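Biologist: I am new to this structure and would like to go through it by question and answer. Please show it first.

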Amino acid sequence: MAEERAQQGKPAADGTESHDPDFPEAFLAFMRQGWRDSELPVGPRPEVPNYAKRRAALSAAFAGETLVIPTGGEKVRANDTDHPFRPGSDFAYLTGDHDPDSVLVLRPNGSGHDATLYMRPRSSRKTDEFFRSRHGELWVGRRHTLGEKSTELGLPTADLTELDAALAGCAPGRTRVLRGFDARVDAAVRPFDGARAEGQPARDRELAIAISELKLVKDEWEIAQLQEACDATVRGFEDVARALPADRRVSERLLEGIFALRARHDGNDVGYGSIVGAGEHATILHWVHNHGATRPGELLLMDMGVENRNLYTADVTRVLPVDGRFTPLQRQVYDAVYAAQQAGIDIIKPGVAFRDVHLTAMRVLAEALKDLGLLPVSVDEAMDPASTVYRRWTLHGTSHMLGIDVHDCANARKEKYRDGALGEGYVLTVEPGLYFQPEDELVPEELRGIGVRIEDDILVTATGAVNLSAGLPRRSDEVETWLAEQREAGPRLPG
């Protein structure tokens, strides 16, 4: 067994490793005795009714069908070490459970569905798992019992070892699976037909679509989670500003790490890989290497967000003048992006086309590019769908949905999302930007290497837009004042 594990380079099914010692029987016998049992002091989580309402809505969409939603397992980082586990977003949205390998099964009962959460319960002291297995609680901590988890989440639970038998009873043609998260589940429930949509069996794709479209409208609890994530993100940006020197270089990774400290202290983690782009790195849209350094006189673009403990994330971008003051040209570019962002925010209300937020912001940017002498055609010609030449300097869209994923609702149909209209309770980013690449010979040399993006998280209400990340200033003069105030306050530890 040990030799087979060593060849595979991964843990065995029982959770042991190829390099584990062979314990003598005397030690094993000694370890099996003298343990006091304990119970976790758990009670129903206050958000349990929210999860139940989401499951009920999904149940109504697929009457009479069995639904299987896995969370996924830990991902190997190197050999037998794993990345920190983050539950599948759709699974967490429907259950609130954060443990790996769990599977939610909704079985039709005539009037709706019965929900069962299949999970790995705590290590029994009746076996050696609790001290010998990588799943054992002496290695990874105390897991919930079936009863404790059921009490906490308001869900019936079953041992994960019973899942195979449960899936074997799933009727073809009346079962849908959220695929791509758990190979064991994917193999156990074969697709009913060969029709496929975007790489998935069509019936299963419809399940993913339904969950994504449920997520478009945030309830009050979700909005509170996003506000909490935004507030923690504001504190993280303040931490970075307080440690940012005005008169010398400092590593992008130092600033990334300062923000990450806040994210781990106040939340679960960062919501995505932090972008910390100093100087010309700000022109690279998804710069995540962060191996550069700030320089006085240049700009610093930071796109960062805290994911809170319930997995809702902020997504905020700010640009700071490293030495504390924008140059006239930097300010001109920055103010153009600010004007574009404000124009996009101003039109947000229920019924407005999602696409119109983008087009409104883009027209402001196109006009700014014309003022800079860069557009080879008129603004109207540049905005024509057959042209869009202005996008040379602003490649990305202005908005995306935000929630339990940084790019939330990604499986929603175009007519409900990209080609749809905003609704009350939607949360989206507004993040226009201008980027002048260092190698771009169609722009004046003094513009090359300047990148500016301003991004905020916007809640759609009945009366318009609410900026959840308004705790960070956006106007150029306010940014300068805020940066000076943070530097004067000095570094701080989260607390």
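Biologist: Which residues have the most contacts inside the largest nonpolar core?
Modeller: This is a predicted model. Its largest nonpolar core has 94 residues. Helix 11 (residues 220–243) gives the most to this core, with 10 residues. The residues with the most contacts inside the core are Leu58, Ile69, Leu434, Phe436 and Val452.

Biologist: What is Phe436 in contact with, leaving aside its neighbours within four places in sequence?
Modeller: Phe436 is among the residues with the most contacts inside the largest core. In general, nonpolar side chains in soluble globular proteins tend to be buried together. Beyond its sequence neighbours, Phe436 is in contact with Thr283, Val333, Leu369, Leu372, Leu374, Trp393, Val443, Leu447, Arg448, Gly449 and Ile450.

Biologist: How long is helix 16, from its first C-alpha to its last?
Modeller: Helix 16 covers residues 476–489, which is 14 residues. At 1.5 Å a residue the expected reach is 20 Å, and the model comes close to that. The helix reaches 20 Å.

Biologist: Where on helix 16 do the buried residues lie?
Modeller: The buried residues of helix 16 are Ser476, Val479, Glu480, Trp482, Leu483 and Gln486. Seen down the helix axis, they fall within an arc of 165 degrees, so they line one face of the helix.

Biologist: What do the buried residues of helix 16 pack against?
Modeller: The buried residues in question include Val479, Trp482 and Leu483. They pack against helix 11, strand 14 and helix 13 (328–346).

Biologist: Are helix 11 and helix 16 roughly parallel or roughly perpendicular?
Modeller: The residues that meet are Phe237, Glu238, Ala241 and Arg242 in helix 11 and Trp482, Leu483, Gln486, Arg487 and Ala489 in helix 16. The two helices pack with their axes 7 Å apart, at an angle of about 75 degrees. That makes helix 11 and helix 16 roughly perpendicular.

Biologist: At what angle do the axes of helix 13 and helix 16 cross?
Modeller: Arg331, Tyr334 and Asp335 in helix 13 meet Ser476, Asp477, Val479 and Glu480 in helix 16. The two helices are roughly perpendicular to each other. Their axes come within 10 Å and cross at roughly 115 degrees.

Biologist: Which residue just after helix 16 takes a positive phi?
Modeller: Helix 16 covers residues 476–489. The residue just after the helix has a phi of about 85 degrees, and that residue is Gly490.

Biologist: What is the phi of Leu311?
Modeller: Leu311 is found in the loop between strand 13 (306–307) and strand 14 (316–321). Leu311 is buried, with a relative accessible area of 1%. Most residues other than glycine have a negative phi. In Leu311 phi is positive, near 80 degrees.

Biologist: Where is Asn79, and what is its phi?
Modeller: Asn79 is placed in the loop between strand 2 (76–78) and strand 3 (81–82). Asn79 is a residue other than glycine with a positive phi, near 55 degrees.

Biologist: Which residues does Gly297 touch, not counting residues up to four places away in sequence?
Modeller: Gly297 is placed in the loop between strand 11 (275–278) and strand 12 (299–304). Gly297 is partly exposed, with a relative accessible area of 31%. With residues up to four places away set aside, Gly297 touches Asp323 and Gln330.

Biologist: Which residues is Ser89 in contact with, leaving aside its neighbours within four places in sequence?
Modeller: Ser89 lies in helix 4 (residues 89–95). Ser89 is buried, with a relative accessible area of 9%. Beyond its sequence neighbours, Ser89 is in contact with Lys215, Ile404 and Asp405.

Terms used. Residues are numbered from 1 along each chain as its sequence is written. This is a predicted model: local features need pLDDT of at least 70, side-chain atom pairs count only at pLDDT 80 or more; totals for chains, interfaces and linings use all residues. Side-chain values use heavy atoms; hydrogens and water are left out. A nonpolar core is a set of buried Ala, Val, Leu, Ile, Met, Phe, Trp, Tyr and Cys residues joined through side-chain atoms within 4.5 Å. Buried means under 20% relative accessible area, exposed over 50%, partly exposed in between (1.4 Å probe, protein chains only). Helices (H or I, at least four residues) and strands (E, at least two) are DSSP runs, numbered from the N terminus. Contact means heavy atoms within 4.5 Å. The expected span of a helix is 1.5 Å times one less than its number of residues. The arc is that of the directions from the helix axis to the C-beta atoms. Axes are lines fitted to C-alpha atoms, for helices over the stretch in contact, and angles run from 0 to 180 degrees between N-to-C directions. Angles under 35 degrees count as roughly parallel, over 145 as roughly antiparallel, 65 to 115 as roughly perpendicular and the rest as oblique.
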